[in-house]
Amino acid sequence: MVISKTIQITELLEQNYRILPLLERLELYSFLGQDSLEEACRRVDADAGTLVLIAEVCEDPRFRPSDKSLKEANLDTVLKYLQNSHAYYRDKALLLLSESLESLLSGCAEKQKQAIWRFFTDYEDEMAKHFTHEEGHVRHYIEHLRSGSYDEAKDIDHIDDCHDNIIEKISDLKSLILKSLPSQCLCAERLQTLSLVSALKEDLEAHERIEELVLEPMIRLMESELFGREIESSDTAHESLSEREKEILVGVATGLINKEIADRFNISIHTVITHRKNITRKTGIKSVAGLTVYALLNGLIDMNSVE
């Protein structure tokens, strides 16, 4: 899908209804007349070019923003979109899922109901805590950068790296509903619940891409401009792994957890996380199993090294 800033919002929605959540989260839902995307964004103090960039990242998991597009993007628009996404997950998506799940479980035995419900409520709590911490940490760090100060202890690397955990758990919930509930729980509500779970998982995956491919690189660009910190160009993400990244990859592929890798190379866990993100960006591979195969194919480990 090609999006231009001059396209009318109604035409944009006719081309792809999936763009609607992006418009809602930037509060553009009231401009469905003849306004162009640029005109509507101007009215709510948002940047149309940044919305286009966000849409491209959401639509295509293979898309990678250029340095030019990141430099031209508006950080406040990105933050507004992400914060409103958090509110959507907490106040709407999880509420709808909760209601659907409650209806589905009404036909199950009490023990089964309690087990699934406990898993879901723990997931709700984990998501809420993560988003609350993330919002406070990121905004606080950006305020420091904008004031011209830098505190390494509050660096962006120190954000909890638990998006993967949130996405994995929603996948687990889908599997539990699909495969582990007994026959008496099979009903129309099951399909509705699975639909909501699948939609939330897809949304969270897009959300994670925006943070990793847009927000974090934009903050790195700020750091570079203010303090001359070295950053890796997103335009050269296809380059080969550095020697340190290869060492980290070997650790991952041989079954080490982040703390064990950090201890082995005498670096912080947050530095390990940063290297792993760079490895994923360069290879396009995120899972441990996939990275293990990559390491095998590229001669970094042999079969005897794999547990």
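This is a predicted model: local features need pLDDT of at least 70, side-chain atom pairs count only at pLDDT 80 or more; totals for chains, interfaces and linings use all residues.
Residues are numbered from 1 along each chain as its sequence is written, and side-chain values use heavy atoms, with hydrogens and water left out.

**Overall make-up**

I counted elements next and found 13 helices and zero strands in the protein chain. Here helices (H or I, at least four residues) and strands (E, at least two) are DSSP runs, numbered from the N terminus. Of the 307 residues, 41% are buried; buried means under 20% relative accessible area, exposed over 50% and partly exposed in between, with a 1.4 Å probe and protein chains only.

**Helix α7**

I checked the span of α7, residues 110-146. Just after α7, I saw Gly 148 with a positive phi of about 90°.

**Two positive phi values in loops**

Most residues other than glycine have a negative phi, and I looked up two exceptions. Asp 45, not a glycine, has a positive phi of about 60°. Asp 45 sits in the loop between α3 (37-43) and α4 (48-59) and counts as exposed because its relative accessibility is 72%. Asn 266 has a positive phi of about 55°. I found Asn 266 in the loop between α11 and α12 (269-283), exposed at 74% relative accessibility.

**Ala 262**

I then turned to Ala 262 in helix α11 (residues 258-265). Ala 262 is buried, as its relative accessible area is 4%. Leaving aside residues up to four places away in sequence, Ala 262 touches Ile 267, Ser 268, Ile 269 and Val 272.

**α10 against α13**

Last, I looked at α10 (residues 243-253) and α13 (residues 288-297), which pack at about 120° with axes 9 Å apart. Axes are lines fitted to C-alpha atoms, for helices over the stretch in contact, and angles run from 0 to 180 degrees between N-to-C directions. The pair is therefore oblique: angles under 35 degrees count as roughly parallel, over 145 as roughly antiparallel, 65 to 115 as roughly perpendicular and the rest as oblique. The contact includes Leu 249 of α10 and Leu 291 of α13.

Conventions:
The expected span of a helix is 1.5 Å times one less than its number of residues. Contact means heavy atoms within 4.5 Å.
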